[in-house]
Amino acid sequence: MRGFLASSIGVTCAAALALPLTLPTTSHAAPAPAQDAVAGSTQSLALARRGATRAAGLPEEQGLPRRDVHPFSLVGVVWDDPNAELHGRVQVRTRASGTTAWSGWQDVETHNDDAPDLDTPEHTSSHARGATAPLWVGASDGVEVRVVGETPAPTRAANPPAPLPRGLSLELVDPGEGEDPAPEGAPADTPRGTALAGTVIPELTKQETEDELIAARGGDTAAVQARPYVGARPRIVTRKGWGADEKLRERKLGYTKTVKAAFVHHSATGNNYRCSQAPSVIRGIYRFHVKSSGWRDIGYNFLVDKCGTIYEGRAGGVTKPVMGAHTLGFNTNSTGIAVLGSYSGTNPPAAAVTAIAKLTAWKLGLHGANPRGTTYLKSGGGNLYRKGKDVRLHVISGHRDGFATECPGRRLYGKLGTARTSSARLQGR
């Protein structure tokens with residue numbers, strides 16, 4: 001099928017990938033991409049105990065004093081056991097590169113529930129670690145961090161503070177340099193500066209999208225007479241477009257059977273980025289997920305910036321049911337969409353909500369799902385639903401619908417009804 005382009009791995013914008021009638025359900029090796037390495041680095045700094053200890057009945061505190069470091073733009077904290085929780089508060093201060101200006105203390109989201117499902121090789125790997133959400137701080141060359149433990153709320157009155165997880169370290173990520181994709185609205189072969197093939201999957205009209213989906217299903221008369229409910233394919237910046245270093249991730253690609261639901265997230269990386277910096281933010285998240293958290297690839301299937309640009313996430317093909325690591329317990333038969341930013345106290349831009357509607361109208365439509373409907377997913381285990389329970393969920397759900405978490409933030413969660421209505425309308429329902 002000419003129009004349903006897969007991931008940017010080894011393809012150009014003009015390359016094609018048919019959407020098969022039966023999608024693969026097992027992992028297989030992907031061909032090695034032909035791409036120059038993208039510069040970038042991760043500094044890991046072990047945290048040290050500070051101040052009073054838990055033995056004195058006071059919260060445990062660990063951290064690092066102010067210090068000069070190699071340049072970085074994204075920061076997070078990791079620990080040894082991926083199943084351990086960090087009960088406490090993580091705060092960082094950073095110094096803008098080449099200046100003497102230090103920021104105020106910034107909170108890092110400690111409950112990072114975007115994760116591979118329990119009992120999957122990605123979760124049980126010896127490389128997997130517990131982690132906070134990463135925080136985008138911009139170009140910096142100085143850092144200070146403090147982590148203060150606390151007693152979990154249900155036992156706070158009767159027990160001393162919980163110990164912090166073992167092996168805490170500060171991760172400082174330099175996302176490296178990548179190529180800018182074509183600007184929004186420009187032809188796919190018109191990026192900033194010199195054209196780069198394969199950086200953008202161009203949008204299609206609804207008619208073109210329907211025709212190609214019918215062709216993929218065999219082009220029979222009944223299919224032609226009953227047009228499929230699918231939205232127009234939106235413009236998508238590929239992995240090559242945002243500068244993914246394909247040498248970082250595992251080569252195996254994992255698939256599930258279909259896509260029955262989309263989970264919407266916020267990245268919790270903060271809102272202090274320009275839309276032109278979004279590829280750098282994504283490269284930072286990618287490196288944090290792989291090198292710091294020990295996952296096989298970036299966890300999300302798609303990402304959306306605050307200007308409404310859509311980006312391909314985890315490798316494996318944008319039309320296919322790629323197994324992500326976004327909603328602990330519900331990664332099977334779902335897709336994960338992360339809006340770059342933090343939306344607990346900030347309203348998501350209208351452009352981002354519109355992009356969610358366009359993306360889900362297309363992606364869910366490929367797999368026959370109604371954005372305004374509900375579906376059942378079997379829980380893989382988590383803090384809301386036991387493993388094996390069939391759970392009824394909105395076809396477009398927030399992360400908090402499958403896991404007890406603040407994600408995708410109260411303000412973004414409140415916009416999901418609008419996204420469902422718009423997505424269904426774009427499908428022609």
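**Cysteines and overall fold**

A: Start with this: Cys 275 and Cys 307 form a disulfide, with S to S at 2.0 Å. Keep in mind that the model is predicted.

Q: What's the handedness of the Cys 275 and Cys 307 link?
A: Right-handed, with 90 degrees about the S-S bond.

Q: And where do Cys 275 and Cys 307 sit in the chain?
A: In distant parts, 32 residues apart. Cys 275 is in the loop between strand E13 (261-266) and helix H5 (278-292). Cys 307 is in the loop between strand E14 (302-304) and strand E15 (310-312).

Q: How many disulfides does a search of the whole structure find?
A: One.

Q: Is Cys 307 buried, exposed or partly exposed?
A: Partly exposed, because its relative accessibility is 49%. The exposed class needs over 50%.

Q: Cys 407: buried or exposed?
A: Buried. Its relative accessibility is 7%, and the cut-off for buried is under 20%.

Q: Switching topic. What's the secondary structure of the chain?
A: Eight helices and 19 strands.

Q: How much of the chain counts as buried?
A: 55% of its 429 residues.

Q: And the accessible surface of the chain?
A: About 17,600 Å². Carbon and sulfur atoms account for 50% of that.

Q: Last one. Of contacts between residues at least 6 apart in sequence, what share joins residues at least 24 apart?
A: 76%.

Technical notes. Residues are numbered from 1 along each chain as its sequence is written. This is a predicted model: local features need pLDDT of at least 70, side-chain atom pairs count only at pLDDT 80 or more; totals for chains, interfaces and linings use all residues. Side-chain values use heavy atoms; hydrogens and water are left out. Helices (H or I, at least four residues) and strands (E, at least two) are DSSP runs, numbered from the N terminus. Buried means under 20% relative accessible area, exposed over 50%, partly exposed in between (1.4 Å probe, protein chains only). Contact means heavy atoms within 4.5 Å. Accessible areas come from the Shrake-Rupley method with a 1.4 Å probe; for residues, only the protein chains shown count as cover. A disulfide is a pair of cysteine sulfur atoms within 2.5 Å.
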